[in-house]
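Take a look at the sequence and structure below, then work through each task with its solution.

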Amino acid sequence: MTGGSGDGPAEGSIVGRTEELARLERMLSEPLGATPLIVVGEPGSGKSTLLEAVAASAGRRGWRVVGVRGEEGAAELAFAGLHRLLLPVRDGLAALPSRQRAALGDAWGLDADGTAVSGEPGAVGDADEPGAGDEPPEALLIPLAAWTLLSEAGRRRPLFLVVDDAQWLDAGSLDALAFLARRLADEPVALLAGARDGDVPPQLGGSFDRLPVRPLSDDAANRLLDRQAEPPAGRLRERVLRQAAGNPLALVELARSAAEHAAGSGSPFGAGAADPEVLPLTERLERLFAARLAELPEATRRALLIVAAAGSSDLPTAPLLAAATTPDALPDPWSRAEQAGLVRLDSAGVRFRHPLVRSAVYQTASFADRRQAHLALAHALTGHPDRRAWHLAAATLTPDEEVAAGLVATADRARRRGGYHAAAMALERAAELSPLAEDQARRLVGAAETAMYAGRPRRVEALAAKAAAATDDPHLLAAASTFAGWALAVTPRHAACLDILLPLAESSAPTAPDRALAALSTAANVVYNAGDERSRGAALRIAKAAGPTAGTDAQRLWTSVACDPFAERQERVLLLGKAAAVPDRPLPDLVLLGGTAFVLDETDTAINLLGGALNHLRRTTTAGSNATVAQALASAQFDTGAWESADALAQEARHTAVEDGLEVAAASAGCVTALLRVARGDTETGRAVLRQALSGIDLSRSRGLASRARMILGTAAAVDGHFAVAYEQVRGLFTEGPRPRPLHYHLAHYGIADLATAAVRADRADDARRVLAVTEEALSGSASVRLAALLHRARAALADPAEAEPWYEAALADPAGEQWPFERARARLEYAQWLRRRRRTGDAARELVRALAVFERLGARPWADVAGAELRACGIAPPASEPRPAGAGELTGQQLRIVQLAAEGLTNREIGERMLLSPRTVGFHLYQAFPKLGVSGRGRLRGALDRLGRE
């Protein structure tokens, strides 16, 4: 609310924002670790003024201030916002690692030597054919390169990044900002953003603390009105206060309008407009600005419309002025607009005083005038093909293949740079302008596929629906249905997904079996998550009709295992081994085979395959898929005892999934986090995390998530000593009656050991035996080593004590069971408790020591406490933990991963490439980890890890 600029009062001070300014100033007192902050409020609330004020304060304190403002209508240009943000630190580009420099150069439209390939140096979105590579870049290197650039600049002088109107930045830049925000903790770089309330980009929702800019109090609003040149009074002031509703910009503008019109009709408001409920405040402000436009010369209005149509403030000045200038133009068309308070003129060019001004200028113009503005801009931008294509599209109402083809070329260039969101927008607009229905549908299908690669399921669903409505071509309809099915498959709308994919697969099976398996392999995810018997049977029947050679081996294996996990186990394990051994598998195969291995309890194989898939995904722009793969990998890591890595990966997966609308992945990742908290004894947090993860999901239609939730809650109740509650939770995995059926045809069976142990403590052993009998019958001859051990544990717990030992021994007999260390240690603990009760303290102590070592390594404190107490009951003091450096348990998951890679001999730069961190951040984490591990350098890391048992 600086006077004369945007939202501010005339005298230049900020009114009514004491608390907000104090919070913003606190960012400047944190040279390291300042939490990213986003200022959120309605248009005209004073967000920009607050950002400008703290930026000025940062400059006075010695920070280097770097900023960018989003521009409405500029979101179609991939990485445009990131480009403008990085321009002040562009001199560090040459020092970047080659892969990062190449990726950022592609995004900026630069050749390897840093020169622009399109005639516009550094212009985002204009990498034309002469310099654009044929291979897609590793686009996640773009935010990594940005981070390295900013980190190095911050080392020379602390950086204060200010991003205003973030809601209008392009998707690539927003993804990059979210990436940066999650890595600010250890850098002298602060990040402050501003966005309209209700339009906060989802990418920034989870990475930033929010500072809401609320309406001014009545007292502050009156003080702001008193500072105006002609303050309104009496009933007129009351009406201004009521209609402005505490919005500073509205207060200033309505006061000015009241003063200008009071001598006329006695009221500045038109008929029917005095009631604030008749017209929303933002539209009223736009009308005020439009009314002031009418007083300006035609040449000034044309110039303003050109700037409004241009949209992006980084548009080169020469084309802008060329488009705005006509033979009858004023010598300086901008001065009158500046005098009217609509624009600011400075060395950077022409800027609207507030985004609402641009909206008013553009939206109140006729289409004919807007068309002429866009055509003038297109003519002036002949050297900038992407910008030109969008301006020609904006000037076109009727189908035009030439304009549509230009947008397709723009989409191709954006796709090569990894700008999938921008590419999808261009293809959608190209479809709207396509004269032929076939081209329209084909381009909409391409837009849906591109949006899928961007990880945007809601957009994919809408585009696929438009494509399906635009064509009768069976191939295009099938493709649209497949993409629509994918969009639904990553959400809890299981029934809707299966209603699309199963009929498509069934109709395709006789004549297009490969298409049928492609649809079925996606549907199999939903069948498994839903746990619905009817759809499971339908999927198996369709797969049989498609034939044994339909689709790829990965599609066939995943479909059969996901829908019928216990059939032909040995044959499938052999097929999995052969398929996994094939080198250079494409990414979709790695994901499907990794899921197959996980369901078959070939957990080590699952980690290898899913880890390979995730490494590939980190080097591409399919960030949405990252979350789906990452949550599955985190589950497998938990099973194999890699709890630190599982924790870090699950939290990363959930954050990404929430941003991208991948609800199933977000819930699944939350389940991993909740289970980890419970297993380490923090049951209260575990339950809270689980509630949040499953909020809004109908568990009656998501039996997979329901089964996992019951097992987590049952474990939490047992940890808290509430065994009756624990039994009721786990008993819910099976139906009631003499022949209980599993809630989920696969996952429910993994709760059988917990059910049995809780039943004994809750005096429900007879009921548990009925469940066990049915489960043993269902799994006879088809159980994995893991499930067989769980069944043996359950049988031992429910057997007559005199007959239990063979079952305990069977649970521990197969050495392959060691790959599930937590479950193995629990079996040892239960066996040891049985041994001690039989007064075989020596045998009991041997098992207890082995179990205790695992529990302590994992941090499974509730079980470690029980094992220690059992040892003392045997008359033996628990052995001291293996020597471990002071503070080693304080390593974060990220620090542990960095230490492990450093121990393997990777340099800081190589670790940063793999983990998407700057080399300096890697070095900082190592510097923090060394004292925790009790080492002084990298050469001693391997020994420290060996002692910790965390290789």
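**Exercise 1.** Is the crossing of helix 5 and helix 6 right-handed or left-handed?

*Solution.* Before we start, note that this is a predicted model: local features need pLDDT of at least 70, side-chain atom pairs count only at pLDDT 80 or more, and totals for chains, interfaces and linings use all residues. Residues are numbered from 1 along each chain as its sequence is written, and side-chain values use heavy atoms, with hydrogens and water left out.

Step 1: find the elements. Helices (H or I, at least four residues) and strands (E, at least two) are DSSP runs, numbered from the N terminus. Helix 5 covers residues 141–156 and helix 6 covers residues 171–181.

Step 2: recall the description. Two packed helices are described by the angle between their axes and the distance between the axes. Axes are lines fitted to C-alpha atoms, for helices over the stretch in contact, and angles run from 0 to 180 degrees between N-to-C directions. Here the angle is about 55°, and the axes are 9 Å apart.

Step 3: name the arrangement. Angles under 35 degrees count as roughly parallel, over 145 as roughly antiparallel, 65 to 115 as roughly perpendicular and the rest as oblique. Helix 5 is therefore oblique to helix 6.

Step 4: A crossing is left-handed if the near helix is turned anticlockwise from the far one by less than a right angle, and right-handed if clockwise. The crossing of helix 5 and helix 6 is right-handed.

**Exercise 2.** Which residues make the contact of helix 5 with helix 6?

*Solution.* Step 1: contact means heavy atoms within 4.5 Å. Helix 5 brings Pro143, Leu144, Ala146, Trp147 and Leu150, while helix 6 brings Ala176, Phe179 and Leu180.

Step 1: sort them by class. Ala, Val, Leu, Ile, Met, Phe, Trp, Tyr, Cys and Pro count as nonpolar, Asp, Glu, Lys and Arg as charged, and the others, Gly among them, as polar. The contact has 8 nonpolar, no polar and no charged residues.

**Exercise 3.** Is Thr491 buried or exposed?

*Solution.* Step 1: buried means under 20% relative accessible area, exposed over 50%, and partly exposed in between (1.4 Å probe, protein chains only). Thr491 has 2% relative accessibility, so Thr491 counts as buried.

Step 1: Thr491 sits in the loop between helix 22 (474–489) and helix 23 (494–508). Not counting residues up to four places away in sequence, Thr491 touches Gly661, Glu663 and Val664.

Step 2: Leaving aside neighbours within four places in sequence, Ser702 is in contact with Pro492, His494, Asn529, Ala530 and Ile697. Ser702 and Val664 are 38 residues apart in sequence and 9.3 Å apart in space, C-alpha to C-alpha.

**Exercise 4.** What is the phi of Asp584, and where is Asp584 found?

*Solution.* Step 1: Asp584 has a positive phi of about 55° although it is not a glycine. Asp584 is in the loop between helix 27 (569–580) and helix 28 (587–599).

Step 1: the relative accessible area of Asp584 is 78%, so Asp584 is exposed.

**Exercise 5.** How many helices and strands are in the protein chain?

*Solution.* The chain has 46 helices and 7 strands. Of its 951 residues, 56% count as buried.
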